[in-house]
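This report describes parts of one structure, shown below. Keep the sequence at hand while reading.

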Amino acid sequence: MGSQQNDGGVDRDKKVRAIVLHPELKKFSTSSRSAEARLEEAYGLALAIDLDIVLHEIIKVSRPKPSTLLGSGIIDKFHEYIHDNEIEVVIVDTALTPVQQRNLENSWEAKVIDRTGLILEIFGERARTKEGKLQVDLAQLSYQRSRLVRSWTHLERQRGGAGFMGGPGERQLEIDRRLIDERIVRLKSDLELVKKTRELHRSARRKVPFPIVSLVGYTNAGKSTLFNRLTQSDVFAENLLFATLDPTMRRVNLPSGREIILSDTVGFISELPTDLIASFRATLEEVREANVLVHVRDVSHEDTDAQKEDVKSVLKDLDLDRDIQDNMIEVWNKSDLLPEEIKSSLEIQSGHNQNTLLCSAITGEGCDEFLAIVEQLLDAQNLVYEFEVPYSDGAALSWLHDHGNVLEQKHHEDGVWISISISQADADKFSSKFGILPDVD
Ligand SMILES: Nc1nc2c(ncn2[C@@H]2O[C@H](COP(=O)(O)OP(=O)(O)OP(=O)(O)O)[C@@H](O)[C@H]2O)c(=O)[nH]1
Ligand SMILES: [Mg+2]
């Protein structure tokens with residue numbers, strides 16, 4: 001590739017020409033998705049970074065080769081294509097081993113990016129908050145560290161390069177590796193610091209008895225669009241995979257006037273790289289703390305069922321599937337895109353389950369009902385409160401014993417300190433009846 005030495009002067013307006021290949025590993029596939037659907041998704045991912053995608057294609061792989069994954073016939077065929085069409089980047093939609101990636105790069109004389117690399121690249125472009133950026137940097141560096149290939153991510157950008165095409169040559173590798181190690185150490189300690197600050201904020205927030213409601217779901221399902229509608233805000237919502245990366249939180253009033261905190265989060269995807277799951281654990285801390293989890297689904301998507309399974313498995317990886325199950329709402333979004341027949345059938349189905357709702361974040365259909373469902377769920381939920389009831393308020397104390405589950409009680413100088421598990425609705429009744437405002441534990 002001729003333009004390698006050029007560190008900063010690459011024409012930024014000219015898009016890098018790329019192709020997307022989805023290897024169909026016939027014998028090994030356990031996925032319920034078709035190869036075509038998977039190729040489309042990979043294509044969508046590639047479009048999420050600014051590349052000129054000249055071709056996207058499925059390649060059947062009957063016997064994956066450890067050294068190159070693909071057979072030599074296919075490699076030769078694409079070598080010619082890559083050369084003739086001035087392709088600079090080849091996206092191979094699977095997890096390549098470092099050796100496979102390196103060998104393919106050498107054969108094709110082009111940059112090869114696998115699925116993990118691509119997702120990391122998108123995340124790198126999208127992260128906005130300090131913590132988000134640090135986490136992406138860390139995930140990228142660990143990924144890069146494992147590969148003896150020319151680096152193309154943040155390191156270069158920070159040296160003033162033009163994205164992943166302006167990289168240094170192989171001789172730079174040793175220096176890069178040392179730089180990477182030093183940066184990993186620094187990033188980890190920076191992250192610790194940011195995490196501590198977040199933890200402080202979070203415990204401050206816990207004192208505020210506002211329940212947290214988190215939107216989760218497959219990327220592009222419509223979480224941010226729903227969030228914007230409900231909070232009357234304007235976060236980035238776009239027909240782009242991984243439009244949202246950093247969580248956003250806003251207050252919303254429920255029909256009764258009670259306030260909740262709604263949080264919009266990063267979307268999930270099938271085969272989410274494990275490195276990234278680990279690094280996004282902290283970003284998804286709000287999800288962990290949520291009183292209600294809202295699974296937003298694009299029911300107009302042909303793979304909506306497979307996507308649901310993917311979301312469930314990511315939630316499982318994040319240890320979020322256990323406690324929250326009863327407090328989960330499933331939002332069947334994009335109802336406006338459904339043919340009339342399917343829409344009415346889904347309407348009936350969702351009517352059978354009180355925690356399922358058919359709606360359209362675009363037209364607003366069903367969205368009021370959404371808040372009512374959140375309210376119902378919260379009303380039914382028990383929260384642990386801790387507070388002191390003055391001795392003079394005997395009636396308040398016995399009311400609590402009647403309505404909640406007292407976990408602990410201590411006699412202080414001026415009153416009884418009590419730790420109680422009680423429903424949100426009763427807690428609200430209690431504070432309006434007796435004028436004592438409890439703190440959530
Ligand atoms: N027709 C229709 N389009 C919708 C609806 N909800 C969202 N969209 C579109 O779907 C695309 C993705 O919406 P987002 O809200 O960005 O999706 P997201 O779940 O936040 O996606 P990520 O942030 O990438 O995880 C956008 O083009 C939206 O306009 C809907 O109810 N109907
Ligand atoms: Mg979003």
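## A strand pair

In β7, S263 is the bridge partner of M249. Strands β6 and β7 (residues 259-264) run antiparallel and are joined by six bridges. Helices (H or I, at least four residues) and strands (E, at least two) are DSSP runs, numbered from the N terminus. Strands of a sheet pair through backbone hydrogen bonds, either parallel or antiparallel.

This is a predicted model, in which local features need pLDDT of at least 70 and side-chain atom pairs count only at pLDDT 80 or more, while totals for chains, interfaces and linings use all residues. Residues are numbered from 1 along each chain as its sequence is written, and chains are lettered from A and ligands numbered from 1 in the order in which they are written.

## The sheet

The open sheet has six strands in the order β6-β7-β5-β8-β9-β10, with mixed pairing; two strands pair if DSSP finds at least two bridges between them. At the edges stand β6 (248-253) and β10 (356-358), each with a single partner strand, so one side of each has no neighbour in the sheet. On average, neighbouring strands are turned by 25° against each other, direction ignored.

## Helices on the sheet

Helix α8 (residues 223-231) lies across β5 (212-216), β6, β7, β8 (292-298) and β9 (328-333), and runs at about 155° to β7. Helix α12 (residues 340-352) packs on the sheet and touches β9 and β10; its direction makes about 155° with that of β10.

Two residues are in contact if their C-beta atoms, placed from the backbone, lie within 7 Å. Axes are lines fitted to C-alpha atoms, for helices over the stretch in contact, and angles run from 0 to 180 degrees between N-to-C directions.

## A loop residue

V235 is in the loop between α8 and β6. Not counting residues up to four places away in sequence, V235 touches S224, F227, N228, T248 and D264. The C-alpha atoms of V235 and T248 are 8.3 Å apart, with the two residues 13 residues apart along the chain.

V235 counts as partly exposed because it has 16 C-beta neighbours inside 10 Å. By this count a residue is buried with 20 or more other C-beta atoms within 10 Å of its own, exposed with 12 or fewer, and partly exposed in between; C-beta atoms are placed from the backbone.

## Around ligand 1

Ligand 1 is surrounded by 23 residues, the closest being G222, S224, N239, T244 and G267. A residue is near a molecule if its C-beta atom, placed from the backbone, lies within 6 Å of it. Helix α8 gives the largest share of this shell, three residues.
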